[in-house]
Amino acid sequence: MAGFYHKMQLDNPLWHYVSAVYSHSGVENVCLQAQALGLQVNSLLLCIWLAHQQQQYDPSAYLHIDQQWRDPLLKPVRTLRYWLRERKESDPELLTCYESMKQTELEMERVDIAQLWEASLKTPKLEQQDFSSLALMNMSAYVSSVKIKNHDACQHCCRSLVDLLS
């Protein structure tokens, strides 16, 4: 039973990468557009990070994160935070609750990133490939793995992110 418990590494290279690139000019805006389309920002940034690592994104390696973490836990917290954000304008008493939910969501995002990073450790390195091409290929594999209606808008967000982070 000693091997059953696994200590998650919240402070990891993917967390540092995501924290650094999210503050680049234009990245937050494109990420929010992608999120509005139904994409997971952390997965998009993972795809780009994997390209820097010369690794290919395999959707099946990350499916368990959606099933066990994002869908049942993270997405409902995000939905609640959005609900509070809308209502805090007309009901200022909700501001403290909204700020708490925002912090909770950020910590849950950090756990999400730790899980993505741990899954990425099992991905083999590729022969040297062009960063932009590999990043776009990775993001295309991710976008194809999720049920999104506006595929063209998603691809536009992906291209924009690669352009911003190349």
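These legends describe a predicted model of one protein chain, first as a whole and then in close-up views. Local features need pLDDT of at least 70 and side-chain atom pairs count only at pLDDT 80 or more, while totals for chains, interfaces and linings use all residues. Residues are numbered from 1 along each chain as its sequence is written, and side-chain values use heavy atoms, with hydrogens and water left out.

**Figure 1. The whole protein chain.** The protein chain has seven helices and zero strands, where helices (H or I, at least four residues) and strands (E, at least two) are DSSP runs numbered from the N terminus. Along the sequence the pattern reads α-α-α-α-α-α-α. The C-alpha atoms fill a box of roughly 55 × 45 × 30 Å along the principal axes. A compact globule of 166 residues would have a radius of gyration near 15 Å, and the 17 Å of the protein chain agrees with that. This radius is taken over C-alpha atoms, and the globule rule is 2.2 Å times the number of residues to the power 0.38.

Figure 2. Of the 166 residues, 43% count as buried; buried means under 20% relative accessible area, exposed over 50%, and partly exposed in between (1.4 Å probe, protein chains only). The protein chain exposes about 9,500 Å², of which carbon and sulfur atoms supply 56%. These areas come from the Shrake-Rupley method with a 1.4 Å probe. There are 15 positive and 19 negative side chains, and the centres of the two sets lie 3 Å apart. Lys and Arg count as positive and Asp and Glu as negative, without His and the chain ends; each charge is placed at NZ of Lys, CZ of Arg, CG of Asp or CD of Glu.

**Figure 3. Helix H7 and what covers it.** Helix H7 has 15 residues (151-165), which should span 21 Å at 1.5 Å a residue, and its end C-alpha atoms are 21 Å apart, in agreement. The expected span is 1.5 Å times one less than the number of residues. Among the buried residues of H7 are Cys-154, Cys-157, Cys-158 and Leu-161. The cover over the buried residues of H7 includes helix H1 (13-21), helix H2 (27-36), helix H3 (41-52) and helix H6 (131-145).

Figure 4. Glu-99 is in helix H5 (residues 95-120), and Glu-109 is found in helix H5. Glu-99 counts as partly exposed because its relative accessibility is 37%. Glu-109, at 14%, counts as buried. Not counting residues up to four places away in sequence, Glu-109 touches Asn-42, Leu-74 and Arg-78; contact means heavy atoms within 4.5 Å.

**Figure 5. Leu-10, before helix H1.** Leu-10 sits in the segment before H1 and, at 32% relative accessibility, counts as partly exposed. Leaving aside neighbours within four places in sequence, Leu-10 is in contact with Trp-15, Arg-110, Val-111 and Ala-114. Cys-97 is 87 residues from Leu-10 along the chain, and their C-alpha atoms are separated by 25 Å.

**Figure 6. Gln-54, between H3 and H4.** Gln-54 lies in the loop between H3 and helix H4 (63-88). Its phi is near 60°, a positive value in a residue other than glycine. Gln-54 counts as buried because its relative accessibility is 10%.
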